[in-house]
Amino acid sequence: MRTIPKGVVFIMVVGGMTGSAWAAKGPVPAISMSRARAMALRLAPGRIISSEYEKEGGVWRYSFDIQQKGNVQEIGIDGRTGKVVENKSEGRVDHD
């Protein structure tokens, strides 16, 4: 039996991923993440502390949590239309 040297990491790739597994990533958005990020920062200047492309309320959207002085602002941008779908304060810390 062989021993595995310390520090060696094995990565196992499992085949057979179906289309439904890929669908969890959502449809390709019409606007880019960088464009949505710029829109969000115009609405709420600060430092983005988290961002994601997610399905919420039946809409695929970009979601940004932006740290401002004493406040975290959540901005949601529809990935298909670029429309602002959320702009709310989460208080001093991110509650998501």
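Me: Which strands does helix α2 lie across?
Reply: In this predicted model, helix α2, which covers residues 33-43, lies across β1, β2, β3 and β4, and the helix runs at about 45 degrees to β2.

Me: What order do the four strands take in the sheet?
Reply: The order is β1-β2-β3-β4 in an open sheet, and the pairing is antiparallel. β1 (47-56) and β4 (84-89) stand at the edges with a single partner strand each, so one side of each is left without a neighbour in the sheet. Direction ignored, neighbouring strands of this sheet are turned by 15 degrees against each other on average.

Me: And what holds strands of a sheet together in general?
Reply: Strands of a sheet pair through backbone hydrogen bonds, and the pairing can be either parallel or antiparallel.

Me: How many bridges join β1 to β2 here?
Reply: Nine bridges join β1 to β2, which spans residues 59-68, and within this pairing I48 stands opposite I66 in β2.

Me: What about β2 and β3, how many bridges there?
Reply: β2 and β3 pair in the antiparallel sense over eight bridges, with R61 standing opposite D78 in β3. These two strands form a hairpin with two residues between them, and G70 in the turn has a positive phi of about 70 degrees.

Me: Which residue has a positive phi in the turn between β3 and β4?
Reply: That residue is G82, with a positive phi of about 80 degrees, in a hairpin that has five residues between β3 and β4. Five bridges join β3 to β4, and I77 stands opposite V84 in β4.

Me: How many residues of β3 are buried?
Reply: Eight of the eight residues in β3 are buried, and both faces of the strand are covered, with N71, Q73, I75 and I77 on one side and V72, E74, G76 and D78 on the other.

Me: Changing topic, which residues form the aromatic cluster?
Reply: Y53, W60, Y62 and F64 form one aromatic cluster. The rings of Y53 and W60 have their centres 5.3 Å apart with planes at 35 degrees, so this pair is tilted, and Y53 and Y62 also form a tilted pair, at 5.1 Å centre to centre and 40 degrees between the planes.

Me: Is Y62 buried or exposed?
Reply: Y62 counts as buried because its relative accessibility is 4%, whereas Y53 is partly exposed, with a relative accessible area of 21%.

Me: Where is the pLDDT below 50?
Reply: The protein chain averages a pLDDT of 80, and 71% of the residues score at least 70, but over residues 8-23 the pLDDT is below 50. Beyond near neighbours in sequence, that stretch has three contacts in the model.

Methods
Residues are numbered from 1 along each chain as its sequence is written. This is a predicted model: local features need pLDDT of at least 70, side-chain atom pairs count only at pLDDT 80 or more; totals for chains, interfaces and linings use all residues. Side-chain values use heavy atoms; hydrogens and water are left out. pLDDT is the predictor's confidence in each residue, from 0 to 100. Contact means heavy atoms within 4.5 Å. Two strands pair if DSSP finds at least two bridges between them. Axes are lines fitted to C-alpha atoms, for helices over the stretch in contact, and angles run from 0 to 180 degrees between N-to-C directions. Rings of Phe, Tyr and Trp (its six-membered ring) pair if their centres lie within 6.5 Å; planes under 30 degrees apart count as stacked, over 60 as edge-to-face and the rest as tilted. Buried means under 20% relative accessible area, exposed over 50%, partly exposed in between (1.4 Å probe, protein chains only).
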